[in-house]
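Trainee: Could we go through this structure together? I would like to begin with the chain as a whole and then turn to single residues.

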Amino acid sequence: MIESPYLVAPGSKVRLSDHRTDDTGRFKDKAEALTDTQKNLASLEELQELLYAEARHAVLVVFQAMDAGGKDGAIKHVFSGLDPQGCTVTSFKTPTPLELAHDFLWRIHAAVPPRGMFGIFNRSHYESVLVERVKDLVPEQVWKKRYDHVNEFERMLAEEGMVILKFFLHVSKDEQKKRLESRLNDPHKQWKFDVGDIEERRHWDEYMEAYQDALRKCSQEYAPWYVVPADRKWFRNWVISDVLVKTLDRLEMNYRKPKDDLSSVVIE
């Protein structure tokens, strides 16, 4: 866990209304942040190669956000330089009948990355304390127990060598409206528009309360949450890439030594 203005410190109280969605940190504009962001992306590319070569850790990156919060865009831009052979992206949609027949973590565990790999979750196991809570899909006594289940699940992964980073992309309700309208009015974006997003938007305050509880109860030293200001896409990308690079740098990864003595090898 690295220090960051956007880190949810374990055990701290969280009020999302205290977190600016349009924050740009020390940068005045997109152009000023461009160099730093590009450096981060280049570093991330090198760190992925080390991660793959060393094969001692795996990295799990979790993205959660309201609809049109920027999960797809963040994944596309931040991980643009990664080798696809060392990276998987899993989008968790509405559970299938088979998935519903198992515990809520069954489909999640099946998707976690092996050592040496990046695994990126577009939505995640946290849907079970967000959507299922807000839409009253399971009883309160069920979803309330899940915070502890999630913490123990993530603790087990961390103890097995998993680096877990969780990002809540925090957009304002006004910015969400603009993005949804952009999808609705652009023929090339209409395929992304889901009329169900309008119904979800009506539950905005309930979702904010649910997110606050999830962030407060499940930000742990071994699996921290970061509240990322996401109204400015370029700043969102810098925050995520900066946390990733600083976290992976701390692993002090090295290339594995060859299993054979190569000093006398001659290629004719």
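Mentor: Let us begin with a term: a contact means heavy atoms within 4.5 Å. This is a predicted model. Among the contacts in the chain with a separation of 6 or more, 82% are accounted for by residues 24 or more positions apart.

Trainee: What helices and strands does the chain have?

Mentor: The chain has 11 helices and six strands.

Trainee: How does the radius of gyration compare with that of a compact globule?

Mentor: For 268 residues, a compact globule would have a radius of gyration near 18 Å, and the 20 Å of the chain agrees with that. Along the principal axes, the C-alpha atoms fill a box of roughly 70 × 45 × 40 Å.

Trainee: What percentage of the residues is buried?

Mentor: Buried residues make up 51% of the 268. The accessible surface of the chain is about 14,700 Å², and carbon and sulfur atoms hold 50% of that surface.

Trainee: And the charges: how far apart are the mean positions of the positive and negative ones?

Mentor: They are 4 Å apart, with 40 positive and 45 negative charges in the chain.

Trainee: Changing topic, how many aromatic pairs are there?

Mentor: The count comes to 13 aromatic pairs. One of them is formed by Y126 and W225, with 4.9 Å centre to centre and 75 degrees between the planes, an edge-to-face arrangement. This pair links distant parts of the chain, 99 residues apart: Y126 is in the loop between β4 (118-122) and α5 (131-134), whereas W225 is in strand β6 (residues 225-229).

Trainee: Why is that pair called edge-to-face?

Mentor: A pair of aromatic rings is described by the distance of the centres and the angle of the planes. Planes over 60 degrees apart count as edge-to-face, and the angle for Y126 and W225 is 75 degrees.

Trainee: Are Y126 and W225 buried or exposed?

Mentor: Both Y126 and W225 are buried.

Trainee: Which residues do ring pairs link into a cluster?

Mentor: The cluster consists of Y6, F27, W234, F235 and W238.

Trainee: Where does N40 lie?

Mentor: N40 lies in helix α1 (residues 30-54). Its relative accessible area is 9%. Buried means under 20%, so N40 is buried.

Trainee: What follows helix α1?

Mentor: The loop between α1 and β2 (58-65) holds A55. The phi of A55 is near 55 degrees, which is a positive value in a residue other than glycine. A55 is partly exposed, with a relative accessible area of 29%.

Trainee: What is the phi of R123?

Mentor: Phi of R123 is near 70 degrees, again a positive value in a residue other than glycine. R123 is found in the loop between β4 and α5, and R123 is buried at a relative accessible area of 18%.

Trainee: Which residues does A65 touch?

Mentor: Not counting residues up to four places away in sequence, A65 touches K71, R123, F168, L169 and Y211. A65 is placed in strand β2, and its relative accessibility of 1% counts as buried. The C-alpha atoms of A65 and V8, which are 57 residues apart along the chain, are separated by 16 Å.

Trainee: And T90, where is that found?

Mentor: T90 is in strand β3 (residues 87-91). Leaving out residues up to four places away in sequence, T90 touches A111, I120, F121 and N122. Between the C-alpha atoms of T90 and S124 the separation is 8.6 Å, and these residues are 34 apart along the chain.

Trainee: Is W143 buried or exposed?

Mentor: W143 is buried, with a relative accessible area of 10%.

How values were computed. Residues are numbered from 1 along each chain as its sequence is written. This is a predicted model: local features need pLDDT of at least 70, side-chain atom pairs count only at pLDDT 80 or more; totals for chains, interfaces and linings use all residues. Side-chain values use heavy atoms; hydrogens and water are left out. Helices (H or I, at least four residues) and strands (E, at least two) are DSSP runs, numbered from the N terminus. The radius of gyration is taken over C-alpha atoms; the globule rule is 2.2 Å times the number of residues to the power 0.38. Buried means under 20% relative accessible area, exposed over 50%, partly exposed in between (1.4 Å probe, protein chains only). Accessible areas come from the Shrake-Rupley method with a 1.4 Å probe; for residues, only the protein chains shown count as cover. Lys and Arg count as positive and Asp and Glu as negative; His and the chain ends are not counted. The place of a charge is taken as NZ of Lys, CZ of Arg, CG of Asp or CD of Glu. Rings of Phe, Tyr and Trp (its six-membered ring) pair if their centres lie within 6.5 Å; planes under 30 degrees apart count as stacked, over 60 as edge-to-face and the rest as tilted.
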